[in-house]
Amino acid sequence: MTALQATGLTHRHRRRGPAALDSVEFSLPQGSICALVGRNGAGKSTLLELAAGVDRPSAGSLTVLGGPVGATRSRVGYLAQDQPLDPRWRISDVLRIGAQLNPGRWDAACAAGIVEQGNLSTRTRLGALSRGQHTRVALALVLGKRPDLVLLDEPMADLDPLARHELTGTLLGHATEHGATVLLSSHHTGELADVCDHLLLLDGGRLRLSGSIDDLLEAHLNATGPGGIDELAPHTLVTHQRSGRGTAALLRPGGPLPRTWHGTAPTLDELILAYLGSPDAPALHLSPAADPGPRESQPTP
Ligand SMILES: Nc1ncnc2c1ncn2[C@@H]1O[C@H](COP(=O)(O)OP(=O)(O)OP(=O)(O)O)[C@@H](O)[C@H]1O
């Protein structure tokens, strides 16, 4: 089943303003853990807000857990970038409200466990917490709901490395145990390969890369060789650099490399940086396995 399906998804925050999302199309299989990446202002938060039902798309459609956004909201957990929790509340108030708002779904032990892991007393007021501790409590509220779809807007930004490690483990444990789908935005691209199996890369409101990370990496090569890029004509160049010894390129192979060239598999970090640094490289959308196969599209000027 598809957890999230966007068709022609377009959103303007102001009626005549620029499109924060422009004709975005993707489908995210249930159970996937998807990284949502892009530069500042790329449209990541906007996409998460639409999926969470905070805002409605200006055009196109978004299907969540097989239904319209409003109909499935009780099964969706959303952690916004600015978590709007009252600083006067104690942690115990948050856990109580979580239980009240989610009758029949609330996992008190899971929520309490996330709080305890951070050595936090439930009597502490939210206003007395550091940003990272505040994020931990907000995550307890989101995961305690046992959501089928977890939407996280830069959840790890304020966390120390150990807390990041612990909460990533908790998140993956939740996803595995409940077959939940996770969509998380992040600027920590180096850490995503260990956590995620799918990727959505947004740039200026347009989707530039989508698909399973394994398939996307397999579709690219780091190529180095003594000649210039004129020797790489059958391949789709994403980025290239001339150095003293020749040329280094990240490309989509369109056949074997020239004999004097050497190819290695890129890392996810290299792939993301290459696309972010090359706004004119053509987009690549690799559909989930059940669909007919790769669709390539040229960016619209
Ligand atoms: N409430 C709003 N009113 C008007 N424009 C907005 C609003 N929220 C976002 N935008 C604009 O929409 C575009 C996408 O913003 P969005 O917050 O979705 O980007 P982002 O990828 O999450 O960025 P960041 O990495 O900085 O969090 C930006 O140009 C931003 O200025």
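Mentor: Start with the pairing of strand S10. This is a predicted model, and in it S10 is joined to strand S15 (residues 283-286) by two bridges, the two strands running parallel.

Trainee: In which sense do S9 and S10 pair, parallel or antiparallel?

Mentor: Strand S9 (residues 198-203) and S10 form a hairpin with two residues between them. In the turn, glycine 204 has a positive phi of about 55 degrees. Leucine 199 stands opposite glycine 211 in S10. The pairing extends over six bridges, and its sense is antiparallel.

Trainee: How many residues of S10 are buried?

Mentor: A residue counts as buried when its relative accessible area is under 20%. Strand S10 has seven residues and is mostly covered, the number buried being six.

Trainee: Which strands are at the edges of the open sheet of four strands?

Mentor: The order in that sheet is S2-S1-S4-S5, with antiparallel pairing. An edge strand here pairs on one side only, and this applies to strand S2 (19-29) and strand S5 (67-68).

Trainee: What is the distance in space between valine 64 and alanine 3?

Mentor: Valine 64 lies in strand S4. Valine 64 counts as buried because its relative accessibility is 0%. In sequence, valine 64 and alanine 3 are 61 residues apart, but C-alpha to C-alpha their separation in space is 5.8 Å.

Trainee: Why do the buried residues of H3 line one face of the helix?

Mentor: The buried residues of helix H3 (residues 108-117) are Ala111, Ile114 and Val115. An α-helix has 3.6 residues a turn, so residues three or four places apart point the same way. The face turned away from the buried side of H3 carries the exposed residues Ala109 and Glu116. Seen down the axis, the buried residues of H3 line one face because they fall within an arc of 95 degrees.

Trainee: Where does glutamate 154 lie?

Mentor: Most residues other than glycine have a negative phi. Glutamate 154 is not a glycine, yet has a positive phi of about 50 degrees. Its place is the loop between S7 and helix H5 (161-178).

Trainee: Is arginine 146 buried or partly exposed?

Mentor: Arginine 146 lies in the loop between helix H4 (131-143) and strand S7 (149-153). Its phi is near 50 degrees, a positive value in a residue other than glycine. With a relative accessibility of 30%, arginine 146 counts as partly exposed.

Trainee: Which helix gives the largest share of the shell around the ligand?

Mentor: The ligand is surrounded by 13 residues, the closest being Asn40, Gly41, Lys44, Ser45 and Thr46. The shell divides into two nonpolar, eight polar and three charged residues. The largest share, three residues, comes from residues 44-52, helix H1.

Trainee: How much of the ligand does the protein bury?

Mentor: A polar side-chain atom of lysine 44 lies 2.7 Å from an oxygen atom of the ligand. For alanine 42, a backbone N or O atom is 3.0 Å from a ligand oxygen, and for glutamine 81 a side-chain N or O atom is 3.2 Å from one. Taken alone the ligand exposes 640 Å², and the share of that buried by the protein is 60%.

Technical notes. Residues numbered from 1 in each chain as written. Predicted model: local features only at pLDDT ≥ 70, side-chain atom pairs only at ≥ 80, totals over all residues. Heavy atoms only, no water. Near = heavy atom within 4 Å. Polar contact = N/O pair within 3.5 Å; in protein donor to acceptor, adjacent residues only side chain to side chain. Areas by Shrake-Rupley, 256 points an atom, 1.4 Å probe, with all protein chains shown as cover. Nonpolar A, V, L, I, M, F, W, Y, C, P; charged D, E, K, R; others polar. Buried < 20%, exposed > 50% of the residue type's maximum accessible area, 1.4 Å probe, protein only. Pairing = 2+ DSSP bridges. Arc of directions from axis to C-beta.
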